[in-house]
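Here are my notes on this model, as numbered points.

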Amino acid sequence: MIMPDRPCITTDLERASRELAAGRLVAVPTETVYGLAADATNPAAVARVFEFKGRPKDHPLIVHCGSADQAWELTAEATPVARELAAAFWPGPLTLILPRAPRVSPLITAGQDSVAVRVPDHPLLLELLQRFQRPLVAPSANRFGRVSPTTAQHVLDEFPQAPLLVVDGGPCSIGIESTIVDCRQSHRVKILRPGKITAEAIGQVLGENCLDTGRQQEPAAVRVSGDLPSHYAPQARVHLVERQDLDSFLRDFPRSGDSTLVLATGDRPAEFEEQFSWMRISGNPEQFAAQLYGLFRAADRQGFTDLIVELPDPGGIGIALRDRLQRAAFRAS
Ligand code: TXA
Ligand code: MG
């Protein structure tokens, strides 16, 4: 089959499966964000993922599986905590870090002796995994360091010139990346990246004292690219403000003409009509999470130089949202 020289949207899973079998990349929907998938058992295909994204080789990939049993085959040991979390949350937005089985290519794990696995909860991707029968590596389908895509169109916008098949599964229901949990110890876990599955939810399954809440002790041993402080960032400068401080923040904000967009849960007060563009966001943090990356992209498309965002409350998915917003707001200089 001849691939077009631009991205092409499809819902034909047979075609997607053939592409993957030929060692090519396919963008796939998940419940969190769109992924850039390749056959995890084909090292050349895995290498193509790094090239395509411009991703440094020392950032390991998550392996997506059709079942927990397929995931355990990639691990040297499925610890008791991993099994409990998988039973509670898979298929779902939870990635488990476990000791790697020898069969897993070191390219996938960036040479580490651990592997990241998850069973995603999206009907099209689950069906594709069933058909394909092999696990798929899939980082978020964006250029390295950029905002994750949450629709098929976002993937096209990221890679407008590339020959890439994009499976269209509609907008992602969750909208931010999976929770990553280090499960290498048998009775103790640590959250490496917050997500929709919260510490409370994990504590409820495993018991509170299984949760290590301290700072990461072994930064060299486990690398999470979300750990880079500046990540998930739009081009616009991002300013964060707590709800109760919004009005005073805006009053003090330097006059900017039309180039500043405010994302806030309330209506624009009349006094700010001239100074700020304004978009209402949902006061429900789950809905805000589903909107966030699309709003970042829309703000960039419209050329805003500054984005002022009202922070969601730090409960439930709000913790993960605040984490992504803080990374988006971080500037190295
Ligand atoms: O929701 C998600 O997790 C999405 C969808 C597509 O599944 N994927 C995603 O992939 O966010 P990516 O590549 O953008 O982020 C994967 C994260 C990276 O921060 C990476 O460092 C971390 O997972 N990771 C992968 N393998 C790891 C390992 N062995 N130890 C620690 N972190 C690991
Ligand atoms: Mg990513």
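1. Helix H1 (residues 13-21) and helix H6 (residues 123-132) have axes that come within 10 Å and cross at roughly 55°. H1 is therefore oblique to H6. The crossing of H1 past H6 is right-handed. Keep in mind that this is a predicted model.

2. Which residues meet here? From H1 come Leu13, Glu14, Ala16, Ser17, Leu20 and Ala21. From H6 come Leu124, Glu127, Leu128, Arg131 and Phe132. By class, the contact of H1 with H6 holds seven nonpolar residues, one polar and three charged.

3. The largest nonpolar core has 50 residues, and Leu85 and Leu96 touch the most other members. Helices giving two or more residues to this core are H2 (43-53), H3 (68-72), H4 (80-89), H7 (152-158) and H8 (199-206). Strands S3 (35-39), S5 (94-99) and S6 (114-118) also give two or more. H4 gives the most, with five residues.

4. What does Leu96 touch, leaving aside its neighbours within four places in sequence? Its contacts include Trp72, Ala82, Leu85, Ala86 and Trp90. Leu96 is also in contact with Val115, Ala116, Val117, Val181 and Cys183.

5. As background, nonpolar side chains in soluble globular proteins tend to be buried together.

Technical notes. Residues numbered from 1 in each chain as written. Chains lettered and ligands numbered in written order. Predicted model: local features only at pLDDT ≥ 70, side-chain atom pairs only at ≥ 80, totals over all residues. Heavy atoms only, no water. Axes fitted to C-alpha atoms, helices over the stretch in contact; angles between N-to-C directions. Helix = DSSP H or I, 4+ residues; strand = E, 2+ residues; numbered from the N terminus. Parallel < 35°, antiparallel > 145°, perpendicular 65-115°, else oblique. Left-handed = near helix turned anticlockwise from the far one by under 90°. Contact = heavy atoms within 4.5 Å. Nonpolar A, V, L, I, M, F, W, Y, C, P; charged D, E, K, R; others polar. Core = buried A, V, L, I, M, F, W, Y, C linked by side-chain atoms within 4.5 Å. Buried < 20%, exposed > 50% of the residue type's maximum accessible area, 1.4 Å probe, protein only.
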